[in-house]
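Subject: Structure for your review

Dear colleague,

A summary of the findings follows it.

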Amino acid sequence: MTVHRINVGYLADLCRTGDINFRFSGRSSAAEGIAGHQKVQRSRGDNYQKEYPVCVDVSTVSVEGTREATLKGRIDGVFSSHGLLVLDEIKTLRVAVSEIPAGVMDGYWLQAAIYGHMLLQERGEPGVMLRLCLYHLDDAEETILERHIDRAELACCFADALHVYFSMLEADARWLQTRNTTLERLDFPYEDYRAGQRDMAVSVYRTLLNREQLVLQAPTGIGKTMGTLFPAMRVLSSGQHRRAFYLSARTSTQAMAERAARDISAAGARVRVVTLTAKETACLSPGEPCHPDHCVYARGYFDKVREWMPDILDRTDHFDRATIEELARQYELCPFELSLDIARHCDLVISDYNYVFDPVVYLKRFFDTGLRDSVALVDEAHNLVDRARDMFSAVLARQPFTELGRLGASALARTARRVNRAVLDLNRQATPAASAESSQVFLDRPEKLLKALSAFVEAAEPVLREEGGESWRERLLDAYFAANRFIRMAEDYGEDYRTLVLKQRKSIEVKLYCVDPSQRLAACHARLGALVCFSATLSPRGYYGKLLGIDPSAPWYRLSSPFAPENACVVVATDIDTSFRGRGSSVGQLVTLISQLTREKPGNYLVFFPSYDYLEMVADTWQQQWPEIPLLLQARGLSIEERAEFLEAFDKTECLGFAVMGGMF
């Protein structure tokens with residue numbers, strides 16, 4: 001019998017009620033929260049037992065058998081006062097207690113009640129005093145709320161919470177039985193493997209089964225998507241892992257993973273698949289705050305999603321963006337949050353890298369449990385180095401704070417001006433001879449700027465909670481997010497960071513730049529059950545091996561191209577000047593060459609340019625000379641739908657397309 005391990009925080013989160021409310025934010029980082037907890041704990045009396053460990057074994061019996069779980073947690077503090085047993089639950093925040101939404105406060109009390117029941121399992125007292133200590137980080141003041149609850153009432157609260165958990169566990173177990181039965185019988189979805197694809201699939205299967213790491217350099221055309229997804233789905237039936245993440249920076253690649261997953265389903269497998277879309281892209285109320293007074297999809301979300309989730313999961317096994325949007329409208333649920341909640345019940349999660357690796361937005365519900373029951377398939381892994389540098393870095397522009405500083409004599413304006421001065425002071429420390437467009441590097445954290453940002457964030461939060469239609473509020477929100485991220489990234493500042501001051505004409509930016517993301521990526525890998533990184537380009541090995549944070553003992557395989565070498569034609573035209581200065585005079589020659597090549601052998605062609613400007617220059621000349629030949633152009637800022645239309649055109653007819661090197665295509 002499998003004994004499930006859960007923590008109290010996870011259980012309380014499953015039972016959450018009420019609305020999505022962006023305006024409420026405790027806004028304490030992990031480091032600040034720990035420091036606040038420790039400060040409160042140090043102020044207590046001698047009989048105060050801090051970080052008190054509790055653990056209980058629980059079970060439930062149903063027609064499908066007995067299920068057991070071990071629930072663990074640490075109570076912030078336990079002590080006696082006037083003959084009463086007191087349980088201290090500390091919450092750090094930066095808002096007035098009156099502004100805490102009812103659903104959030106209910107969650108605080110529920111967590112304390114769960115701890116209370118667990119505490120009384122080892123104590124003989126008839127009840128316990130539950131005490132919420134709401135500690136304001138900026139004011140260093142405590143608000144104490146108390147409730148005395150007897151043993152019977154605590155047992156009821158505990159039983160209700162466990163009912164939610166075991167109901168989900170029962171539904172999940174029924175699904176896993178169906179899933180595993182079909183996966184055990186699953187054959188490769190296509191008629192045959194491509195050359196090298198079977199070797200790839202075998203190595204991926206063994207790696208995942210043995211909970212290891214693997215790096216694959218596999219050329220385009222070998223079928224990397226199915227070569228990794230098929231063994232990943234097969235290995236799930238072994239019980240080693242609950243789910244797989246397929247990670248890519250490109251929506252086009254994610255769409256390929258969706259198609260491969262549907263082909264696996266068509267071959268007889270029952271697997272639930274969800275694609276995560278960025279919150280801003282998925283939003284059905286653009287421009288409105290995530291607040292129940294403004295968005296129907298935020299109102300009562302947590303109550304509605306618990307009620308309707310069984311029906312939602314029965315609708316389909318594949319939850320792409322269009323499906324989630326349809327369900328969100330029907331049930332009046334936030335599509336972004338809905339996709340995350342659906343992911344709890346899915347076997348394959350298709351998403352961007354940031355949901356696994358970004359320190360701010362990674363999915364804690366999967367990776368902070370200590371279970372290591374998720375595996376990651378990282379497509380185009382060569383992109384992860386630069387993406388990781390960005391994810392572990394933070395940029396702060398001076399301009400928004402300059403504008404906000406002009407709002408008058410308010411605390412918000414004063415703190416914005418303080419940030420502005422701190423940026424200017426940092427800039428003055430740069431080399432005096434620096435040009436108007438330059439960058440300067442510092443080894444140390446910008447402490448003065450960080451203090452100014454903390455003051456700004458404190459002043460901004462109450463303003464953001466107020467109603468108002470002022471035009472500057474959107475700029476304030478952007479500055480608020482940027483300041484918070486900057487402060488959070490500064491907490492991890494070390495030898496692998498540099499502070500950059502970037503000047504371009506009149507603009508100044510300060511960047512906390514993560515030069516070497518390897519240690520932070522390695523910490524992310526440690527939260528996974530297994531990891532497979534693959535790409536067509538992972539050379540030199542020494543560079544990628546170090547910066548990707550891969551275990552030094554992990555094997556690296558290089559697979560050969562499945563295509564015959566004689567099918568490749570490489571032609572170098574040395575008589576056309578494509579340098580920046582020579583482009584204007586050689587456009588006609590280039591258009592003639594493209595015409596000769598594409599007419600020599602009719603078919604589908606993509607021509608890649610180093611910039612949009614060059615692409616548009618050549619396209620204008622082409623359309624003047626060959627107006628009868630259809631031309632597809634990669635325009636700036638293509639939407640997801642426009643990207644799909646661009647690619648679909650190549651499936652329908654002979655096409656000539658112009659695109660940008662290093663871009664989405």
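Among contacts in the protein between residues at least 6 apart in sequence, 76% join residues at least 24 apart. Please note that this is a predicted model.

Overall form. The chain contains 23 helices and 21 strands. Its C-alpha trace extends over about 95 × 70 × 50 Å along the principal axes. The radius of gyration is 28 Å, which agrees with the value near 26 Å that a compact globule of 665 residues would have. Of the 665 residues, 50% are buried. The protein exposes about 32300 Å², and carbon and sulfur atoms supply 50% of that area.

Salt bridges. Side chains of opposite charge can pair when their charged atoms come close.

Arginine 344 pairs with aspartate 13, with 2.9 Å between the closest N and O atoms. Arginine 344 counts as buried because its relative accessible area is 11%, whereas aspartate 13, at 36%, is partly exposed. Both residues also belong to a network of salt bridges that links Asp13, Asp341, Arg344 and Arg365.

Arginine 243 forms a salt bridge with aspartate 373, the closest N and O atoms lying 3.4 Å apart. The partners are separated by 130 residues, with arginine 243 in strand E8 (residues 243-247) and aspartate 373 in the loop between helix H13 (364-367) and strand E12 (374-378). Both arginine 243 and aspartate 373 are buried.

Aspartate 352 and arginine 387 form a further salt bridge, in which the closest N and O atoms are 2.6 Å apart. Here 35 residues separate the partners: aspartate 352 is in the loop between E11 and helix H12 (354-357), and arginine 387 is in helix H14 (residues 384-391). Aspartate 352 is buried at 14% relative accessibility, but arginine 387 is partly exposed at 23%. The two fall into separate classes because buried means under 20% relative accessible area.

Surface. A nonpolar patch on the surface is formed by Leu606, Phe608 and Met661, which together have about 270 Å² of accessible area. Methionine 661 is located in the segment after strand E21 (656-660).

Yours sincerely

Note on methods: Residues numbered from 1 in each chain as written. Predicted model: local features only at pLDDT ≥ 70, side-chain atom pairs only at ≥ 80, totals over all residues. Heavy atoms only, no water. Patch = residues over 30% accessible without salt bridge, like charges linked within 9 Å, V, L, I, M, F, W, Y side chains within 5 Å. Areas by Shrake-Rupley, 256 points an atom, 1.4 Å probe, with all protein chains shown as cover. Salt bridge = Lys/Arg side-chain N within 4 Å of Asp/Glu carboxyl O. Helix = DSSP H or I, 4+ residues; strand = E, 2+ residues; numbered from the N terminus. Buried < 20%, exposed > 50% of the residue type's maximum accessible area, 1.4 Å probe, protein only. Rg over C-alpha atoms; globule rule 2.2 N^0.38 Å. Contact = heavy atoms within 4.5 Å.
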